[in-house]
Amino acid sequence: MQIFDSVTTESRLPFDRLIPALEQIFIRGCTVPRRHNHILRESEGAKDSLLIMPAWQDDYLGIKHVTIFPGNGARQLPGLHSTYTLYNAVTGVPLALIDGDQITVRRTAAASALAASFLARPDAHRLLVVGAGNVATALAPAYAAVRDIRQVRVWDRHPAKAAALADKLSAGGFDAAVAPDLDAAVREAEIVSCATLAQQPLVRRACLQAGTHVDLIGSFQPFMRESDDATFADTSVFVDTEEALDKSGDLLSPIAAGVFSRDRVLATLEALCRRQHPGRRAADEITVYKAVGAASEDLAAAMLVYGGG
């Protein structure tokens, strides 16, 4: 059984190979049971939880375990940790233990970029990153693999974290800077990508300009929110999987308010990859992509790591 640490895992998941790998697994398909979501304990409104995400196809079986502890910030620890175990699907033999945090970060950013390849305007070059955590650090490089990203603005509720990410992106060759005002930054962006653990809306429909693509990565549980209800009222909505309609507060809230309905989802990421829907249809269309994460993406990434990157 091979063990792949964080550095090796990241090195084997370059976006120019990972994004096509995700597209191919959506085209070929695999078995993805609904994830297990267990609340371990709740205190002062914070819910410590465990996610278990299996997926398999002809040759490989994989399981990701994710722990989410929102109070870890006070302990100077990340709020999310994960591990990934890859098995031979024919014999059940364990093949590899892989750093799940890097798999989650890289495949999440890659999936957003894959969706944007269908949904963002071809000439989009101004990216706003909302959040400055681990996933947020990978978004600009991932988007740069599918669009000519020339300008990156970063907003976070902790300005120092936004500044640190902007500095890192600048060192990587991006024209990056902190966005001091979120509403103003949303108005100027052509792509808005949110990767937070927020429980209150951050992006407001009133600030979205015609032609914007909105990528909502957080809100993978019912009590989490990154956008207001109006964001879904008159826009073109896409999801990574149908499971998003049952898991995401960003969708459950506007559905409960009567401003959005399940049948208004235009397509899943799988349908986009299989060319069953054309994606963006007009330059002034506002597209919204809501993701909660798919175990098939984890499996594709793990197979790439195990196969040598």
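**Close-up 1. Asp 246 pairs up with Arg 262.** In this predicted model, Asp 246 is partly exposed, with a relative accessible area of 35%. Its side chain meets that of Arg 262 in a salt bridge, 2.9 Å from N to O. Asp 246 sits in helix H7 and Arg 262 in the loop between H8 and strand S13 (265–268), so the bridge ties together parts 16 residues apart in sequence. Arg 262 is partly exposed too, at 43%.

**Close-up 2. Here we look at helix H8 and its surroundings.** Helix H8 covers residues 249–257, and its buried residues are Gly 249, Asp 250, Leu 251 and Pro 254. Among the elements covering them are strand S11 (213–216), strand S12 (236–239) and helix H7 (244–247). At the start of H8, a side-chain oxygen of Ser 248 comes to within 3.1 Å of the backbone nitrogen of Asp 250. After H8 comes Gly 258, with a positive phi near 80 degrees.

**Close-up 3. Arg 107 and Asp 298 form a salt bridge.** Their closest N and O atoms are 2.6 Å apart. Arg 107 belongs to helix H3 (residues 100–119) and Asp 298 to helix H10 (residues 295–307), so this pair links parts 191 residues apart in sequence. Both residues are buried.

**Close-up 4. Strands S8 and S9 run parallel.** S8 (residues 151–155) and S9 (residues 175–178) pair over four bridges. Gln 151 has Asp 175 in S9 as its bridge partner. To get from S8 to S9, the chain passes through helix H5 (residues 159–171), making a right-handed β-α-β crossover.

How values were computed. Residues numbered from 1 in each chain as written. Predicted model: local features only at pLDDT ≥ 70, side-chain atom pairs only at ≥ 80, totals over all residues. Heavy atoms only, no water. Buried < 20%, exposed > 50% of the residue type's maximum accessible area, 1.4 Å probe, protein only. Helix = DSSP H or I, 4+ residues; strand = E, 2+ residues; numbered from the N terminus. Contact = heavy atoms within 4.5 Å. Polar contact = N/O pair within 3.5 Å; in protein donor to acceptor, adjacent residues only side chain to side chain. Pairing = 2+ DSSP bridges. Right-handed = clockwise from strand over helix to strand, strands pointing away. Salt bridge = Lys/Arg side-chain N within 4 Å of Asp/Glu carboxyl O.
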